[in-house]
Amino acid sequence: LQLYHSGCYRCSVRVGSGQSPWSGKSAPVTVTVHGVPLSRVSLSAQPPGGQVALGDRLVLSCAVTAGTGPLSFSWHRVGSGAPLGTGPHLELHHIGDEDSGHYQCRASDGDSVAESPLLNITVL
């Protein structure tokens with residue numbers, strides 16, 4: 001089911017043919033589909049462990065275990081004002097000392113926001 005399946009439903013039947021067929025309709029039934037709230041947002045890094053060599057590439061991935069979509073993602077580093085990117089992955093090329101810090105992914109379904117735990121990235 002999707003959220004757009006909410007609505008009023010009824011069934012109808014037609015029995016027989018010819019001059020006196022019988023037909024009928026059920027009483028209407030209202031169906032409401034509810035979204036599942038976002039939960040269990042996780043964050044992983046490549047290379048694993050959150051340690052990356054100076055000048056190398058870092059790829060962060062965000063995953064949501066529960067929740068109905070469509071989902072949007074934003075990436076944040078503690079102490080940095082604007083989001084670093086959008087989408088389920090954040091790729092940083094040519095890592096520098098200024099890229100060290102705590103990173104977090106935020107997922108949104110348009111109604112609610114859930115955050116991953118912080119991941120500490122250390123540039124070696």
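**Strand pairing and nonpolar core of the Ig-like region**

Strands S7 and S10 run antiparallel and are joined by four bridges; strands are DSSP runs of E with at least two residues, numbered from the N terminus, and two strands pair if DSSP finds at least two bridges between them. The structure is a predicted model, in which local features need pLDDT of at least 70 and side-chain atom pairs count only at pLDDT 80 or more, whereas totals for chains, interfaces and linings use all residues. Residues are numbered from 1 along each chain as its sequence is written, and side-chain values use heavy atoms, with hydrogens and water left out.

An open sheet of three strands has the order S5-S7-S10, with antiparallel pairing. S5 and S10 are its edge strands, each pairing on one side only.

The largest nonpolar core comprises 19 residues, and those with the most contacts inside it are Leu 58, Leu 60, Trp 75, Cys 105 and Ile 121. Such a core is a set of buried Ala, Val, Leu, Ile, Met, Phe, Trp, Tyr and Cys residues joined through side-chain atoms within 4.5 Å, buried meaning under 20% relative accessible area (1.4 Å probe, protein chains only). At least two core residues come from each of S5 (39-46), S7 (58-66), S8 (72-77), S10 (89-92), S11 (101-108) and S13 (119-123). Residues touched by Leu 60 (heavy atoms within 4.5 Å) include Leu 43, Trp 75, Leu 90, Tyr 103 and Ile 121, not counting residues up to four places away in sequence.

An unreviewed UniProt entry annotates residues 37-122 as an Ig-like domain; such annotations may be inferred rather than shown by experiment. Over residues 37-122 the chain is 0% helix and 53% strand.

Terms used. Buried means under 20% relative accessible area, exposed over 50%, partly exposed in between (1.4 Å probe, protein chains only).
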